[in-house]
Amino acid sequence: MYRYDQIDQTLVEERVAQFRDQTQRFLSGALTEDEFKPLRLRNGLYLQLHAPMLRIAVPYGLLSSRQLRMLAHIARQYDRDYGHFTTRQNLQFNWPKLEQVPDILAELATVEMHAMQTSGNCIRNITADHLAGVAPDELADPRPYCEIIRQWATLHPEFSYLPRKFKIAVTASPADRAAAEVHDVGVRLKRGPDGAIGFEILAGGGLGRTPIIGQVIRDYLPQSDLLAYLEAILRVYNRHGRRDNIHKARIKILMRALGVQEFRRQVEAEFEAAREFAPRLADSEVERMRAFFAPPPYETLDDVADAAGNAGLLSGARAPYEAWYRYNTRAHRVAGYRIVFVSLKKHGEAPGDITAAQMDALADLADRHSFGLIRSTHDQNLVLADVPQRALREVWQTLESLGLATPNIGTLTDMICCPGLDFCSLANAGSIPIAKQIHARFDDLDYLYDLGPIEIKMSGCMNACGHHHIGHIGILGVDKHGKEWYQITIGGSSAAPAALGEVIGPSVPKEAVAETIAKLLDVYLEERQDEHERFIDTVRRIGVEPFQERVYETDHSTA
Amino acid sequence: MRRIIRRREILQDSLRYAGEPQDPGTVSVQTAAEWIAGAGAAGGAAAGPAALLLAPTDEVEALAPHLQAVQWIVIEFAKIGEGRGYSQARLLRQRFGYAHELRARGALKRDQLVFLARCGFDAFDLDPAEDLTASLRALDSFTVAYQDGDEALVQLRRRAAPGAAA
């Protein structure tokens, strides 16, 4: 992984000192809340419903065991013994004390971490494919480019007061596990006509109140122009994006107003005009960065014949290891290794939550069996990316004992969920209680496995932190006369080609959410061509009507 | 009398804005839009050096052909979150080669100074409540930066290899 040099270390330490001064001025009354707000947000600090919330950057979802132990320490020392992984691969603490936040940031700086630009109207944490570097289907490792973009974006003098937040994702796989199409800018690695690695650039995607799928604005961009082109996009946006209405300030709204042709023309014109002063990305810098992400020292191993276990030996009862292997591990591109998903979707726990004890134990496990590295995924799980197959049983046993081996990755209960009304001051409705309701209703693993891969994503308000628009089943909390109701969409997807879900009808009351989903699943099971046709594929083939009919046929409780 | 920071010094302001008393030795600031539309731009340098106020919505491109007649450009920041001025400054300095005073004025605190200075501002007319001595110190909050192709930094990084971490 990337390691800080003296420049990086100096920068985060100076940032901590600056924020300590800013916090002190706020607490002493020298800064008003309005003046302090943009400063604290740019350091990841929200003032929430019950307490401040601190969002710590996990650049492109990569953590060392040392960093994870620091997060555990912070959870114990400054919070309530747990943290929450977000859909931008970051980690949030929900209960820090404002006056202690500078100390937390200082502790983070000792392990090459920070909370810069995890909030506020600036360039946010760069996200990437959580399987970068180990995925069999990728063109090249996207993380060197992520780190290059991260550094360029950090405290960028021109782009630190944008009209609105700005999110960039980088992906190198046709499966697009980084959801590049729903980002302000999506960067897709691509080979050019000469075989060199460059990029396809998408812009104008995003969720929130106005969900839009991004469009390609540059078919092929040479590697050396990456930062120059990003600057051109940002400059057009910074100058012309709307600032009069927070809900119309994202780049997608500017692009829609101008039309993609005119937007592209303006970006290309700016790109040309800025050439003399624009940053040029030298091959040597990419090579320098690439060395940080070189493959770990893999042993030469053969695939283990019985790695998947042998369920046949266990008569009758479902074999837990075999189920875990099948659902929570993936093929690795190096023989003898396997990718292991750590499920943060246990029944009874808020999706994405992890305790300090779990963090410490996971850090130990990563040291023993996965080169000391842990990844966070945008669907709020963790990954041990390089586990030798011979260690799988031991890893499983440890995860099982920690409550991190729920064999549900990719299934219905592997839900994405925002903090919702329980924590967030923006939310209209709860998300976590709905996740619990769904877990309780669908606790039969055999049924989940029969349903196959299916993604539920849920947000407690239209800001869409839970990405409900791109869930195969999306759930959006709405407030109706002070009561929590839920609007259901189906047919959304973040995988290429991305799609926005379609609303099935009027929202349903809180207690009816799981039952409504059960009806949707009934239709799917009746209509699917065979067990290989996924829920999303059935929706695409037969449309939403059969689902609507079933949900609303006899139900008079909806409004 | 208003005090400003100019090239790292705290000074009495020598510019005056619409509605302010005409103290001797002060220069009147006109809006860029009026100046371009009126005789000022047409008169060129002969009309005397101009001091112009640039609103966030003003296109710097319109000012570019007349910059030889301009001695002061004041860019307005009506709110702390106003960010267009940073791009206006960059363009004036880099693309259009403006070399005279470039001033940021408005709802600004010491916390924005590093960004402003790195975009090319060399004068700051901050929120009247701000402490200017502390603001001077804030200009040095950061000794390193990732952007701008600072040659010394580039050299430093070339020497740094993976594993040579701090």
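# Reading a two-chain model

Author: Let us start with the sheet in chain B: an open sheet of eight strands with mixed pairing, in the order β2-β1-β8-β7-β6-β5-β4-β3. Please keep in mind that this is a predicted model.

Reader: Why are β2 and β3 of chain B said to stand at the edges?

Author: Each of them, β2 (9-12) and β3 (15-16), has a single partner strand, so one side of each is left without a neighbour in the sheet.

Reader: How do you know that β1(B) and β2(B) pair, and in which sense?

Author: Pairing asks for at least two bridges between two strands. Strand β1 (residues 3-6) of chain B and β2(B) have four, in the antiparallel sense. One place to look is Ile4(B), whose bridge partner in β2(B) is Leu11(B).

Reader: Happy with that. What makes β14(A) a partner of both β3(A) and β15(A)?

Author: The test of at least two bridges again. Strand β3 (residues 62-64) of chain A pairs with β14(A) over three bridges, antiparallel, and Ser64(A) stands opposite Leu373(A) there. Strand β15 (residues 382-388) of chain A is joined to β14(A) by two bridges, also running antiparallel, with Arg375(A) opposite Val383(A). β14(A) and β15(A) form a hairpin with five residues between them, and Gln380(A) in the turn has a positive phi of about 65 degrees.

Reader: Which way do the residues of β14(A) point, and are they buried or exposed?

Author: Leu373(A) and Arg375(A) point one way, Ile374(A) and Ser376(A) the other, and all are buried.

Reader: What makes Leu52(B) stand out in the largest nonpolar core?

Author: Leu52(B) is, with Ile233(A), Val342(A) and Leu384(A), among the residues that touch the most other members of this core, which has 199 residues. Helix α6 (residues 226-240) of chain A gives the most to the core, nine residues. Leaving out residues up to four places away in sequence, Leu52(B) touches Val29(B), Gln30(B), Ala32(B), Trp35(B), Val70(B), Trp72(B), Ile73(B) and Val74(B). In contact here means C-beta atoms within 7 Å.

Reader: How many residues does each chain bring to the contact between them?

Author: Chain A brings 33 residues and chain B brings 31 residues. On the chain A side, α1(A) has the largest share, eight residues. By class, that side divides into 15 nonpolar, 11 polar and seven charged residues.

Reader: And how many residues link domain 1 and domain 2 of chain A?

Author: Six residues of domain 1 are in contact with seven residues of domain 2. The C-alpha centres of these two domains of chain A lie 26 Å apart.

Notes: Residues are numbered from 1 along each chain as its sequence is written. Chains are lettered from A and ligands numbered from 1 in the order in which they are written. This is a predicted model: local features need pLDDT of at least 70, side-chain atom pairs count only at pLDDT 80 or more; totals for chains, interfaces and linings use all residues. A residue is buried if 20 or more other C-beta atoms lie within 10 Å of its own, exposed if 12 or fewer, and partly exposed in between; C-beta atoms are placed from the backbone. A nonpolar core is a set of buried Ala, Val, Leu, Ile, Met, Phe, Trp, Tyr and Cys residues joined through C-beta atoms within 7 Å. Two residues are in contact if their C-beta atoms, placed from the backbone, lie within 7 Å. Ala, Val, Leu, Ile, Met, Phe, Trp, Tyr, Cys and Pro count as nonpolar, Asp, Glu, Lys and Arg as charged, and the others, Gly among them, as polar. Domain bounds come from an automatic or database domain assignment.
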